[in-house]
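This briefing covers a single protein model.

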Amino acid sequence: MAQNFALNVNGRVHTVDADPDMPLLYALRDDIGLNNPHFGCGLAQCGACTVHLDGQAIRSCITPVSAVGNAKIVTLAGLGTPEKPHPLQTAYAQEQVPQCGYCINGWIMTAAAFLRDKKKPTDAEIKTALEGLKCRCGTHMGIMRAVRRAAEMMG
Ligand code: FES
Ligand code: FES
């Protein structure tokens with residue numbers, strides 16, 4: 001049976017009427033209108049749907065809306081602004097990473113959570129942090145350059 005859930009997304013509270021088992025991804029895209037988290041596999045296998053939940057990168061396609069509680073959700077739209085982009089957003093633009101762009105949400109949101117806690121990561125540490133994410137356009141070399149560049153910007 002549907003219930004009301006108050007979701008704190010990018011600093012604003014949105015009330016969503018949903019079945020408790022409904023994936024958070026559907027609430028973000030269909031009810032709140034945020035289209036950065038993408039539906040890729042729906043099975044936690046690609047990362048396209050990644051958002052931050054209290055700073056941790058999680059896959060919103062398998063996170064029931066009822067599991068969120070009071071946690072703060074941040075999506076790619078809340079990571080930075082056009083005036084003040086996150087270093088990863090700047091680095092992705094400078095390195096001209098995206099091709100079709102479908103996967104980019106997952107890579108940036110996962111890397112953002114990683115770089116917040118890890119200063120000056122090695123290439124091996126970056127690769128481990130990004131394991132399991134998929135890009136069908138083969139932008140992996142560009143992604144590595146952008147994450148390295150963002151890490152440098154973040155000191
Ligand atoms: S859509 Fe969530 S991991 Fe693929
Ligand atoms: S840029 Fe197309 S899937 Fe990654």
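**Charge, fold and packing**

The protein carries 15 positive and 13 negative charges, whose mean positions lie 9 Å apart. Here Lys and Arg count as positive and Asp and Glu as negative, while His and the chain ends are not counted; each charge is placed at NZ of Lys, CZ of Arg, CG of Asp or CD of Glu. The model is predicted: local features need pLDDT of at least 70, side-chain atom pairs count only at pLDDT 80 or more, and totals for chains, interfaces and linings use all residues. Residues are numbered from 1 along each chain as its sequence is written, and side-chain values use heavy atoms, with hydrogens and water left out.

**Overall fold**

- The protein has 6 helices and 5 strands, taken as DSSP runs (helices H or I, at least four residues; strands E, at least two) and numbered from the N terminus.
- Along the sequence these elements follow the order β-β-α-β-β-β-α-α-α-α-α.
- The radius of gyration of the protein is 15 Å, close to the 15 Å that the globule rule gives for 155 residues, so the protein is as compact as a globular protein of that length. The radius is taken over C-alpha atoms, and the rule is 2.2 Å times the number of residues to the power 0.38.
- The C-alpha trace spans about 45 × 30 × 25 Å along its principal axes.

**Surface and contacts**

- Of the 155 residues, 46% count as buried (buried is under 20% relative accessible area, exposed over 50%, partly exposed in between; 1.4 Å probe, protein chains only).
- The protein exposes about 8200 Å², of which carbon and sulfur atoms supply 51%; areas come from the Shrake-Rupley method with a 1.4 Å probe.
- Among contacts (heavy atoms within 4.5 Å) with a separation of 6 or more, 56% are between residues 24 or more positions apart.

**Salt bridges**

- The structure holds 5 salt bridges, each a side-chain nitrogen of Lys or Arg within 4 Å of a carboxyl oxygen of Asp or Glu.
- Arg-149 pairs with Glu-95, with the closest N and O atoms 2.9 Å apart. This pair links distant parts of the chain, 54 residues apart: Arg-149 is in helix 6 (residues 140-153), and Glu-95 is in the loop between helix 3 (87-94) and helix 4 (104-117).
- Arg-149 is partly exposed at 31% relative accessible area, whereas Glu-95 is buried at 17%.
- Glu-125 and Lys-118 form a salt bridge with their closest N and O atoms 3.3 Å apart; Glu-125 is partly exposed at 30%, and Lys-118 is partly exposed at 30%.
- Salt bridges with shared partners join Glu-95, Arg-145 and Arg-149 into one network.
- Asp-117 and Arg-116 also meet in a salt bridge, at 3.2 Å from N to O. Asp-117 is exposed at 56%, and Arg-116 is partly exposed at 37%.

**Helix 1**

- Leu-24, Leu-25, Ala-27 and Leu-28 are buried in helix 1 (residues 24-31).
- The buried residues of this helix pack against strand 1 (3-9), strand 2 (12-18), strand 3 (50-53), strand 4 (56-59) and strand 5 (72-74).

**Thr-110**

- Thr-110 lies in helix 4 and is buried, with a relative accessible area of 13%.
- Beyond its neighbours within four places in sequence, Thr-110 is in contact with Thr-50, Ala-57, Ala-129, Leu-130 and Leu-133.
- Thr-110 and Thr-50 are 60 residues apart along the chain, with their C-alpha atoms separated by 7.0 Å.

Notes: Chains lettered and ligands numbered in written order.
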